[in-house]
Amino acid sequence: MQTALKIISLLLSYPNADLQAATQDVKTSIAGADGLTETQKRLLERLADDIGGLDLYDAQERYVFLFDRTRSLSLHLFEHVHGESRDRGQAMVDLLAMYEADGLSIDAKEMPDYLPLFLEYLSIKPDAEAAELLGQTGHILKVLRERLKKRQSVYANAFAVLEALASGEADPKLVRELLETPEDDPADLEALDRIWEEEAVTFAGNAGENACGPDRLQRQMRAHQRRPDAPAPASNL
């Protein structure tokens, strides 16, 4: 499972020339990854082939349009549970503390809740614990898969595999609430600029007692729905 999580972390990261050049190596790693069915391997191979086969500019433009300019497809996990609320800052602190407690340091430019980084972290955990932590994001993974599938995006493949690797089933109530959130228009650049200017989340300070454990993450992932008022990690395959 550790190799599978590293592979998906890489495939969900911003495409670059190195990733495209390594397509065959990525596919070789997929073929040898433990914990994946043949169907799941084919899903990831198709995604790797798709990313590797595009013009680099086109691959990057598609990624930005999907995941950076479409907030309802954001790869920042707390965007879906905290939105613009102040709770997001403390959630970032808590998640960062959890990483540091296990010896994972991140670049200052990377937000702790960026999904590829979270998967990189899970890849150093024992399989059972990684599956449990991944399962706590299950409702987000399911919603992202469904929204990507509706757009006929091959990136839905990665989320289908993540759902299968996660422990337990996604909470249908949380899934329904997220799906009921209106989807933004990524072509409306003025509205997008206003949203990001208002958001400006910062995270600093000390995490509270017992803030680093899985239970804390579960509370952060489940406790808050978005309120209406309110660079990629390196992977060595």
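User: Which residues touch the most other members of the largest nonpolar core?

Analyst: In this predicted model, the largest nonpolar core holds 59 residues. In soluble globular proteins, nonpolar side chains tend to be buried together. The members of this core that touch the most others are Leu115 and Leu162.

User: How many helices and strands does the protein chain have?

Analyst: Along the sequence, the pattern reads α-α-α-α-α-α-α-α-α-α-α-α-α-α. Of the 237 residues in the chain, 47% count as buried. The chain has 14 helices and zero strands.

User: How many residues of helix α1 are buried?

Analyst: Helix α1 spans residues 2–11 and is mostly covered. The buried residues are Ala4, Leu5, Ile7, Ile8, Ser9, Leu10 and Leu11. What covers them includes α2 (17–21), α3 (23–32), α4 (38–53), α8 (115–122), α9 (127–135) and α11 (156–165). Of the 10 residues in α1, the number buried is seven.

User: Are α1 and α11 roughly parallel or roughly antiparallel to each other?

Analyst: Two packed helices are described by the angle between their axes and the distance between the axes. The axes of α1 and α11 come within 11 Å and cross at roughly 150°. Angles over 145 degrees count as roughly antiparallel. The two helices, α1 and α11, are therefore roughly antiparallel.

User: What is the handedness of the crossing where α1 passes α11, and how many nonpolar residues does the contact have?

Analyst: The crossing of α1 past α11 is left-handed. On the α1 side the contact is made by Ala4, Leu5 and Ile8, and on the α11 side by Ala158, Val161, Leu162 and Leu165. By class, this contact of α1 with α11 has no polar and no charged residues, and its nonpolar residues number seven.

User: At what angle do the axes of α10 and α11 cross?

Analyst: Helix α10 covers residues 138–150, and its axis comes within 8 Å of the axis of α11. The helices α10 and α11 are roughly antiparallel to each other, because angles over 145 degrees count as such. The crossing angle of α10 and α11 is roughly 150°.

User: How many charged residues are in the contact of α10 with α11?

Analyst: Helix α10 passes α11 in a left-handed crossing. From α10 the contact takes Leu141, Lys142, Leu144, Arg145, Leu148 and Lys149, and from α11 it takes Ala156, Phe159, Ala160, Leu162 and Glu163. The residues of the contact of α10 with α11 divide into seven nonpolar and no polar, while the charged ones number four.

User: Is Leu133 buried or exposed?

Analyst: Leu133 lies in helix α9. Buried means under 20% relative accessible area. Since the relative accessibility of Leu133 is 1%, this residue counts as buried.

User: How far apart in space are Leu174 and His139, C-alpha to C-alpha?

Analyst: Leu174 is placed in helix α12, residues 172–179. With a relative accessible area of 11%, Leu174 is buried. Leu174 and His139 are 35 residues apart in sequence, and their C-alpha atoms are separated in space by 6.2 Å.

How values were computed. Residues numbered from 1 in each chain as written. Predicted model: local features only at pLDDT ≥ 70, side-chain atom pairs only at ≥ 80, totals over all residues. Heavy atoms only, no water. Buried < 20%, exposed > 50% of the residue type's maximum accessible area, 1.4 Å probe, protein only. Helix = DSSP H or I, 4+ residues; strand = E, 2+ residues; numbered from the N terminus. Contact = heavy atoms within 4.5 Å. Core = buried A, V, L, I, M, F, W, Y, C linked by side-chain atoms within 4.5 Å. Axes fitted to C-alpha atoms, helices over the stretch in contact; angles between N-to-C directions. Parallel < 35°, antiparallel > 145°, perpendicular 65-115°, else oblique. Left-handed = near helix turned anticlockwise from the far one by under 90°. Nonpolar A, V, L, I, M, F, W, Y, C, P; charged D, E, K, R; others polar.
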